[in-house]
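Me: I would like to learn how to read a structural model feature by feature, with the general idea set out before the particular case. Could we work through one together?

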Amino acid sequence: MAAVKNPNGEYRVNMKHTKTVFFILMVSCFCLPFSFSFAETTEQDIPKKFFVPPPPFSEGIFPCSQCHQGMPVNRKPRKLEGMHQDIILNHMPGGWCFDCHNPDNRDTLRLANGTIVRFEESYNLCGQCHGVILREWKAGLHGKRTGMWNGEKQYRLCVHCHWPHDPRFKPIQPLPPPTSPYDIK
C-alpha cells in the first residue's frame, strides 16, 4: 500500500496506488501458473529432431537383412564367426547381440523396453544406460556437431566415435617430438 502525507502531517492511504498494486497482483497471480504450464507444454510438445548422418557401417554390411533374412535366431552367446569374427563383445558383461539388435528385423535396433529404433536413432539405445551422456550430447556438451549456430545442426552418433561392441578408447602411442629448427640442415 502506498501512504501519502497530507498538509496536516498525517499519513493516509492513496487509494489510486493501492488499486493499481492490487490489480497488478491479481493479474500476476492469474497469469503466473499459465506461464509455467505453457513453458512445460511447449518443451514437451515439440520433439527435438536430431539430424544425424548414417552410422559408419563397414562396407557392404548393411542392410543386415541381406544375409540374416530367414536365418534362425541363435540367442546363445558364442564366439562369432564369418562376417562378424572381428567382433568381440566387451561392452557389458554377459551381454549378447540381441540385447541391442532386433532379432525379428536385423535392420533395426531394440531398446530394453521393446521399442524398435532405427540405426540413426541409436543414441536412444546408448542413452538407456548412459543417460547423463545422452543429455550432454543433446545439449552439445558431448560429441561432435556441425552446422549453423542458430540453424540446422548435424549431430554425430555415439558410434561415430565409440565402437559399440568395445567402446572404450584405446591408448594412443605418443608421437616423437617435432624436429627442432636447429637440427634441420
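Me: How many aromatic pairs does the count come to here?

Reply: This is a predicted model, and in it the count comes to 8 aromatic pairs. One of them joins Phe-50 and Tyr-155, an edge-to-face pair with 4.9 Å from centre to centre and 90° between the planes. Because Phe-50 lies in the loop between H1 and H2 while Tyr-155 belongs to strand E6 (residues 153-155), this pair ties together parts of the chain that are 105 residues apart in sequence. Both Phe-50 and Tyr-155 are buried.

Me: Which residues do ring pairs link into a cluster?

Reply: Ring pairs link Phe-50 and Tyr-155 with Tyr-123 and Trp-137 into a cluster. A ring may also have a charged group over its face, as with Phe-98, where Arg-75 lies over the face at 5.8 Å from the ring centre.

Me: How should I read the overall layout, and in what order do the elements of the protein chain run?

Reply: Begin with the inventory and then follow the order: the protein chain has 4 helices and 6 strands, and from the N terminus on they run β-β-α-α-β-β-α-α-β-β. As for the surface, 18% of the 185 residues count as buried, and the protein chain exposes about 15200 Å², of which carbon and sulfur atoms supply 61%.

Me: Which residues does a cis peptide bond join?

Reply: The angle to look at is omega, which is about 5° at the cis peptide bond joining Phe-62 and Pro-63. Pro-63 itself is found in the loop between helix H1 (15-45) and helix H2 (65-68).

Me: How many salt bridges does the count come to, and which residues are linked in a network?

Reply: A salt bridge is judged by the separation of a side-chain nitrogen and a carboxyl oxygen, with a cut-off of 4 Å, and by this rule the count comes to 3. Arg-118 meets Glu-120 at 3.6 Å, N to O, and also forms a salt bridge with Glu-121, with the closest N and O atoms 4.0 Å apart, so that Arg-118, Glu-120 and Glu-121 are linked in a network. In the remaining salt bridge, the side chains of Asp-166 and Lys-170 meet at 3.0 Å, N to O.

Me: Is Asp-166 buried or partly exposed?

Reply: Asp-166 counts as buried because its relative accessibility is 19%, and buried means under 20%.

Terms used: Residues are numbered from 1 along each chain as its sequence is written. This is a predicted model: local features need pLDDT of at least 70, side-chain atom pairs count only at pLDDT 80 or more; totals for chains, interfaces and linings use all residues. Side-chain values use heavy atoms; hydrogens and water are left out. Buried means under 20% relative accessible area, exposed over 50%, partly exposed in between (1.4 Å probe, protein chains only). Helices (H or I, at least four residues) and strands (E, at least two) are DSSP runs, numbered from the N terminus. Accessible areas come from the Shrake-Rupley method with a 1.4 Å probe; for residues, only the protein chains shown count as cover. Rings of Phe, Tyr and Trp (its six-membered ring) pair if their centres lie within 6.5 Å; planes under 30 degrees apart count as stacked, over 60 as edge-to-face and the rest as tilted. A charge sits over a ring if NZ of Lys or CZ of Arg is within 6 Å of the ring centre and within 35 degrees of the ring normal.
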